[in-house]
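Thanks for coming. I'd like to walk you through the ligand site and the open spaces in this one. Here it is.

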Amino acid sequence: MQYVSTRGKAASLTFDGVTLAGLARDGGLYVPAVWPAFTLDKIREMATLDYADLAYEVINPFVGLTVGEEDLRTMLRETYGAAFRHDAVAPLTQLSDQHWLLELFHGPTLAFKDFALQLLGRFFDEFTRDAGKPITIVGATSGDTGSAAIDATRGRENVRIFMLHPRGRVSEVQRRQMTTIVEPNVTNIAVEGTFDDCQAMVKDLFNDHTFRDQVGLTAVNSINWARVMAQVVYYFYAALRLGGPDREVAFSVPTGNFGDVFAGYVAKRMGLPISTLVIATNSNDILVRTLETGRYERGEANATISPSMDIQVASNFERILFDLADRDGDRISEAMQELSKTGGFELTETEHQGLKDLFVAEKIDDNETRIVMGNTLSGCGELIDPHTAVGLSAAQKRLGAYEGPIVTLATAHPAKFGDAVFEATGINPELPPHLADLMEREEVFETIPNDLRALRAIILGGSSE
Ligand SMILES: *Cc1c(COP(=O)(O)O)cnc(C)c1O
């Protein structure tokens, strides 16, 4: 399998190359040159597989020959083994006749990010082992990528990780899950700015090719294709348990950077019958506005009670736009240039229509989010986190007349956002035993202004050791 850049100018690469590269050298994102697809018969055969074996079937076409069959199987067994504290890995919980939650928070850091990052850490080991050259990960986090990436790479020999979070804009549990990891290959950095500022700094570093080569820069954000790929698996897993592929399933996805919902689109391209994908956002609603108006335009970043979705510029939107624009790399380059120069760009009629055929979008504010958390507790006895509540609320609004099964992705454990959950329900969700002493552990991190030079200095300082 070859991968091409959404901006059409970078060399195509195989899976190992895109995993280590992260962002393409022309500033684009890598996508498979063609979407692999299964027949309905083939999908039906997968219905009896457990999570790790299903992951093998879904992932293998993307990995190609870069990892041997047995090695890949072993890697997947290890990834979706003991670190996930539920035998089903991604269990479904029923809320009503037609509505289910897909619980994606049983991994080590309590958010769905573990599904991809626990695997990505293993791919990094696999692909750096022979090269003999260490890699430097620089990532931006709105909270959950950071803890998941750090957990997945802590102590790995050939990997150094620098994780940027917007100071004061992540929950205390999120911050502590990052800053209490003190392995020497881990550096946490609080930036005086927003998540978008952090993400822009990371992108700037990638576009400095001298620096990039000097430190062996690699990405763990969902600009890294391997992350999206790993997330495709649970769409298959859920649909197969609810009558798929002989019944269409709708998914509602709490969305920030558009990575998770893009994985749903990929599952659909691979042949899984998905009726609708609901893009559920908090008041950071760039995607809702784009669906309505056909114009993609940055707004103010608002701090909400679902901070992992406090994102204005959704990186992975570039991937869907590439397909909607008939894979015209020049068109994407132009649009992205206009976005960075003027803060927005206009979709063509065809692109806008294509987007509306695939997705619906709904914005849920903090108040509605709290109400849904309360109602879900009183109506179903389920304590849900604010991100999940955004997804659930959007599904209830958009799919009122829909008759098939609806799955809302439960993207985080309620204890990860304990303050917001307490405020909405009066219940203080308990952290699982492996994190019970989190609030007592010592924290280590550095604070920098929103300034690329300060970041560069920390990374280079570290590499001369
Ligand atoms: C990252 C995250 C999201 C948003 O996912 P994207 O792939 O960025 O759209 C939603 N909920 C939680 C809990 C997250 O950590």
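The ligand is surrounded by 15 residues. Closest are K113, D144, G256, N257 and D260. A residue counts as near when one of its heavy atoms lies within 4 Å of the molecule.

Some ground rules. This is a predicted model, where local features need pLDDT of at least 70, side-chain atom pairs count only at pLDDT 80 or more, and totals for chains, interfaces and linings use all residues. Numbering starts from 1 along each chain as its sequence is written, and side-chain values use heavy atoms, with hydrogens and water left out.

Back to that shell. By class, it holds five nonpolar, seven polar and three charged residues. Ala, Val, Leu, Ile, Met, Phe, Trp, Tyr, Cys and Pro go down as nonpolar; Asp, Glu, Lys and Arg as charged; the others, Gly among them, as polar.

Now the polar contacts, meaning pairs of N or O atoms within 3.5 Å; within protein, one must be able to donate a hydrogen and the other to accept it, and residues adjacent in sequence count only if both atoms are side-chain atoms. A polar backbone atom of N257 sits 2.8 Å from an oxygen of the ligand. F258 also uses a backbone N or O atom, 3.1 Å from a ligand oxygen. T411 uses its side chain: a polar atom there is 2.9 Å from a ligand nitrogen. How much of the ligand's own accessible area does the protein cover? The answer is 98% of 380 Å², by Shrake-Rupley with a 1.4 Å probe, and for residues only the protein chains shown count as cover.

Next, cavities and pockets. The grid is 1 Å, over the protein atoms alone. A cavity is a set of points where a 1.4 Å probe fits but cannot get out. A pocket is an open set with protein on both sides within 12 Å along at least five of seven lines. Lining residues have an atom within 4 Å of a point. Points join across faces, edges and corners, and volume is the space filled by probe spheres set on them.

The whole structure has three cavities of 30 Å³ or more. α6 (144–153), α10 (225–241) and α11 (259–269) each give two or more of them. Helices here are DSSP runs of H or I, at least four residues; strands are E, at least two; both are numbered from the N terminus. The lining splits into nine nonpolar, 13 polar and four charged.

The second largest cavity holds about 80 Å³. Its lining includes S142, R169, F195 and D310.

On to the largest pocket, at about 640 Å³. It has 27 lining residues, and K203, R298, V313, L339 and S340 lie nearest its centre. Which element gives the largest share of that lining? α8, with seven residues. The classes are eight nonpolar, 10 polar and nine charged.

Two backbone notes to finish. G244 to P245 is a cis peptide bond, omega near 5 degrees; P245 is in the loop between α10 and β9 (249–254). V89 is not a glycine, yet its phi is positive, near 65 degrees. V89 lies in the loop between α4 (69–79) and β3 (92–94).
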